[in-house]
Amino acid sequence: MARRALITGITGQDGSYLAEHLLEQGYEVWGLARGQANPRVSRMRKLLTDVQVVRGDLLDQGSLISAVERVQPDEVYNLGAISFVPMSWEQAELTAEVTGMGVLRMLEAIRVCSGVSRGGGPAGRIRFYQASSSEMFGQVSETPQTEGTAFHPRSPYGVAKAYGHFLTQNYRESYGMFAVSGILFNHESPRRGAEFVTRKVTLGVARIKLGLDTELRLGNLEARRDWGFAGDYVKAMHLMVRADNPEDYVIGTGRMKSVRELVEAAFAAAGLDWERYVVTDQALHRPAEVDLLCADPKKARAQLGWEPRVSFDELVAMMVESDLRLLSDGGDPDQDSSWP
């Protein structure tokens, strides 16, 4: 019988790539969605016809219990979150409820449906993956960052992710659940939302190349990140869940690039000189900036055999080419892309 997976955040970038990967592995894949009438769900069903949808909401404990009971999953991947960091200052309470408390509600749903009790009873057959984030490191105490690096988050999003991360550890240690966290560094793709800086840059480049715009306004060009391809990173999630023992892993390339280098690569991919078009805007800086994030993925390489395959330049070129096609075809990046 095929393994069955339940994915929250199924309509997002990571959810889409993970669903595709699991379907290729012969899984039966279910996606959690707040409403069947959601247009993103409708588009997802057109592109991934084999994914089934179950109703549920990370804000509603009862709906999650019902979803787990209905699907009877072997694996649950919790990718749902308020994931745009700047928005987490504007909607701090909602970020805490979805990105933080949503983890607790899903862990509780798994515990209840598995009949797990603290200090005794079965550990349960459902394996759980939590999408942790490099934003938990924030103001870093060491570079590169490992599984043992202290957290100092610098946004409500990072704080909420740290809460979910520690909860996952706690349920693993208290209930014997197979619960793991992947501390994923920045991972991008043509499916990234238009509000994220990588996609903002590649869309801006495409607009300028096609004569639809004359400038690109950005904030801090000196912030440095460890950027990789989302399609590579979801494979690491699956490897963690299928490992012999539940452990947490840092996932990244181990190489840093600045926003300035991202801009240079994107404009170069379109044959343009970035300095003619980019304008820096202090209003676009974060209230508390995270200046430097770089992964040390040695543990994942040694224990999971995971390696990133797509290089930084290949990733940026892929995104620019995708956005040029999208805009040339008259697509709306806020409503349409290569993924719903």
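Leu 212 is in contact (heavy atoms within 4.5 Å) with Arg 207 and Leu 327, leaving aside its neighbours within four places in sequence. This is a predicted model, in which local features need pLDDT of at least 70 and side-chain atom pairs count only at pLDDT 80 or more, while totals for chains, interfaces and linings use all residues. Residues are numbered from 1 along each chain as its sequence is written, and side-chain values use heavy atoms, with hydrogens and water left out.

Leu 212 is found in the loop between H7 and E8. These labels stand for helices (H or I, at least four residues) and strands (E, at least two), which are DSSP runs numbered from the N terminus. The C-alpha atoms of Leu 212 and Leu 327 are separated by 9.3 Å, although the two residues are 115 residues apart along the chain. Leu 212 counts as exposed because its relative accessibility is 57%; the classes are buried for under 20% relative accessible area, exposed for over 50%, and partly exposed in between (1.4 Å probe, protein chains only).

**The chain as a whole**

The chain has 11 helices and 13 strands. Of its 340 residues, 53% are buried. Among contacts between residues at least 6 apart in sequence, 77% join residues at least 24 apart.

**Helices H1 and H8**

Two packed helices are described by the angle between their axes and the distance between the axes. Helix H1 (residues 13–24) packs on helix H8 (residues 230–241) at an angle of about 65°, and their axes are 9 Å apart. The axes are lines fitted to C-alpha atoms, for helices over the stretch in contact, and angles run from 0 to 180 degrees between N-to-C directions. The crossing of H1 and H8 is right-handed: a crossing is left-handed if the near helix is turned anticlockwise from the far one by less than a right angle, and right-handed if clockwise.

On the H1 side, the residues that meet H8 are Gln 13, Asp 14, Tyr 17, Leu 18, His 21 and Leu 22. On the H8 side they are Ala 230, Gly 231, Val 234, Lys 235, Met 237 and His 238. By class, this contact has six nonpolar, four polar and two charged residues. Here Ala, Val, Leu, Ile, Met, Phe, Trp, Tyr, Cys and Pro count as nonpolar, Asp, Glu, Lys and Arg as charged, and the others, Gly among them, as polar.

Gly 15 also lies in H1. Gly 15 is buried, because its relative accessible area is 1%. Its contacts, apart from neighbours within four places in sequence, are Ile 7, Gly 9, Ile 10 and Leu 79.

**Rings and charges**

The structure holds nine aromatic pairs. Rings of Phe, Tyr and Trp (its six-membered ring) pair if their centres lie within 6.5 Å; planes under 30 degrees apart count as stacked, over 60 as edge-to-face and the rest as tilted. The rings of Phe 151 and Phe 166 have centres 5.6 Å apart and planes at 55°, so this pair is tilted. Phe 151 is in the loop between strand E5 (127–133) and helix H6 (156–175), and Phe 166 is in helix H6, 15 residues apart. Phe 151 is partly exposed at a relative accessible area of 23%, and Phe 166 is partly exposed at 48%.

Two charged ends sit over rings, as the table shows. A charge sits over a ring if NZ of Lys or CZ of Arg is within 6 Å of the ring centre and within 35 degrees of the ring normal.

| Charged residue | Ring | Distance from ring centre |
|---|---|---|
| Arg 191 | Tyr 17 | 3.9 Å |
| Lys 299 | Tyr 249 | 4.7 Å |

**Backbone details**

Most residues other than glycine have a negative phi, and most peptide bonds are trans. Gln 72 has a positive phi of about 55° although it is not a glycine. Gln 72 is in the loop between H3 and strand E4 (75–78). The peptide bond from Thr 143 to Pro 144 is cis, with omega near 0°. Pro 144 lies in the loop between E5 and H6.

**Helix H9**

In helix H9 (residues 259–269), the buried residues are Val 259, Leu 262, Val 263, Ala 265, Ala 266 and Phe 267. What covers them includes helix H7 (197–209), strand E8 (216–218) and helix H11 (312–328). Gly 271, with a positive phi near 75°, follows H9.
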